[in-house]
Structure formats: structure tokens, C-alpha cells
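Dear colleague,

Please find below the structure that I am handing over to you. My notes on what was found in it follow.

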Amino acid sequence: MLLGYLRLELRRTVRDSGFLIMSLIAPVALYLLFSHLGGGPSSHDEQVRNMAGMAGFGALGAVMNSLGGVSEDKRAGWLRQLRLTPLPPVTVVLGRAITSMTLALPPVLAVTLLGGLVNGVHLSAAEWAGTVGVLWVGIAPISMLAIGCGYLLDGAKAQSMGLVSYLLLSVVGGLLIDVKNFPHWLGQVSGWTPINRYKQLVSDLALGHALSTTALAILLVWSVALAVFAAFGYRRGTTA
């Protein structure tokens, strides 16, 4: 049942070619620009963190852009139709989350491919596979945030929320600017965000470092909290 619903959601989403193009252009262009600006990163570790940040930026943009589509589904009555089917709410929420996560794969693959082929990032096959895997799975809590907001907000409000969240999480989470350049207080705030810990786990894995249990715990707590938020949004969205 979940696979059938997932295929349906993916077919509906990939018809929006503009969405796919925009979710690719921004991270690829910024990655090429930032990685060569001022001579680019000076060490391999910085190159890896820069690649992780821009791939994460692309994944974040893809899932946050899906917020508008979820809101549009509610306006068009799609959620009410789903409520009439035998699909349990958890299947609907999970299917929608996996759909938006799937849309994060193109920018993740494009940036990591450029990292290896153009910018000379050298990783083993296992490290590349792990890096791409964590970039994809680790964006799950943000996907839940996007669909929860989409179920609760209408039209322009949903679009605005998606854009503000995208920019705020990108900056405060340290995807566009390394956290070491933040003032102390902002660095402390950043450490509690799911995006900051997401980038940390990706970078640590790619660099062969042990994964931080603190980062894993914070990301897990955010995942549970935002999954509950998405389920709440679905219930409110179908009864509004």
C-alpha cells in the first residue's frame, strides 16, 4: 500500500519540471562559486565540509520547496480524498516524506559528483556511499517539518514559510557559512539545530571520523518531534 501511494506521489511531483530545475541550479551554481572564490578551500577537510554543506543546501531546498505542493494538495481537496481511502494517516505522511526526500537526491548527487570530478575531493567507494546515504536519510526531519507546515498553512503563507525556513536553516545551520566564523552565541544556537548536526555527521563520515553521539541524539530528537508535528498537521489539514 505504501509503495503504491509512493509511486503516485512521485509521478505527481516530477511533472513539475521547474521545481526539479530550481532545486538543482542553486546548489550547483553556489558550490562551483564558493569552492573557487578566493582560491577555494585550502585543505582537503575544508573541501569535504564545503561539499557537504552545499549538498545539504540542495537537499534542504528540495524538501522545503515541497511545502508549497503539500499546501496546494490541501487546497485542491486531495487530502480529503485521501481521508476517504483505506490508507492510514501514517502511510500518507510517510509516503509524502519519502517523496520529498527522493527529490533531494538529484542535488545531492550533482554536488557530490562535482566534488569528485571537478574539485578533487578524494574519498573511498565506501565513504562516497556513506556520504550520499547520510545526506539523503539525514534530511528526513526537515522533510517532516515541510509537510507539517504544508498541511497547516495555506497558499502564500506556506510559500513564505518555506522560503524563510530554507534561508534561516541554511545560514544558522552552517551550510553556507562555516560555524567557526559565527559569533559564540550564534555558534551555540547552531549546535542545537538539526541542520548543523546533519552537516556534522556527513562531514565526519566523509572524513573517516567517529560519528558524534551528541549529533546523532540531537538529530534523532528532532526527527521524532517533527514526525509528530507532521502527523498533527495532517490531522488538522484533513479536518479544516
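**Helix packing in the predicted model**

Helices α3 and α11 (residues 194-206) pack with their axes 9 Å apart, at an angle of about 135°. An angle of that size makes α3 oblique to α11, since over 145 degrees would be needed for roughly antiparallel. The crossing of α3 past α11 is right-handed. Please bear in mind throughout that this is a predicted model.

On the α3 side, the contact is made by V48, R49, A52, G53, G56, A59 and L60, which meet I195, Y198, K199, V202, S203 and A206 of α11. Sorted by class, this contact of α3 with α11 holds 8 nonpolar, 3 polar and 2 charged residues.

Helix α3 itself covers residues 44-75. With 32 residues at 1.5 Å a residue, α3 should span 46 Å, and the 48 Å between its end C-alpha atoms agrees with this. Of these 32 residues, 23 are buried, so α3 is largely enclosed by the rest of the structure. Just after α3, G77 adopts a positive phi of about 90°.

A second pair of helices is described next. Helix α6 (residues 105-117) comprises 13 residues, and the distance from its first C-alpha to its last is 18 Å, close to the expected 18 Å. The buried residues in α6 include P107, V108, A110, V111, T112, L114 and G115.

How do the axes of α6 and α7 cross, and within what distance do they come? The axes of α6 and helix α7 (residues 125-137) come within 10 Å and cross at roughly 150°. The two helices are therefore roughly antiparallel to each other, because the angle lies over 145 degrees. Their crossing is right-handed.

In this contact, L105, V108, L109, T112 and G116 of α6 meet W128, V132, L135 and W136 of α7. The residues of the contact of α6 with α7 comprise 7 nonpolar, 2 polar and no charged. Among them, V108 and T112 are also buried in α6.

As for the protein overall, there are 12 helices and 0 strands, and the pattern along the sequence is α-α-α-α-α-α-α-α-α-α-α-α. The protein has 240 residues, of which 47% count as buried. Among its contacts with a separation of 6 or more, 80% are accounted for by residues 24 or more positions apart.

With kind regards

Note on methods: Residues numbered from 1 in each chain as written. Predicted model: local features only at pLDDT ≥ 70, side-chain atom pairs only at ≥ 80, totals over all residues. Heavy atoms only, no water. Helix = DSSP H or I, 4+ residues; strand = E, 2+ residues; numbered from the N terminus. Expected span 1.5 Å × (residues − 1). Buried < 20%, exposed > 50% of the residue type's maximum accessible area, 1.4 Å probe, protein only. Axes fitted to C-alpha atoms, helices over the stretch in contact; angles between N-to-C directions. Parallel < 35°, antiparallel > 145°, perpendicular 65-115°, else oblique. Left-handed = near helix turned anticlockwise from the far one by under 90°. Contact = heavy atoms within 4.5 Å. Nonpolar A, V, L, I, M, F, W, Y, C, P; charged D, E, K, R; others polar.
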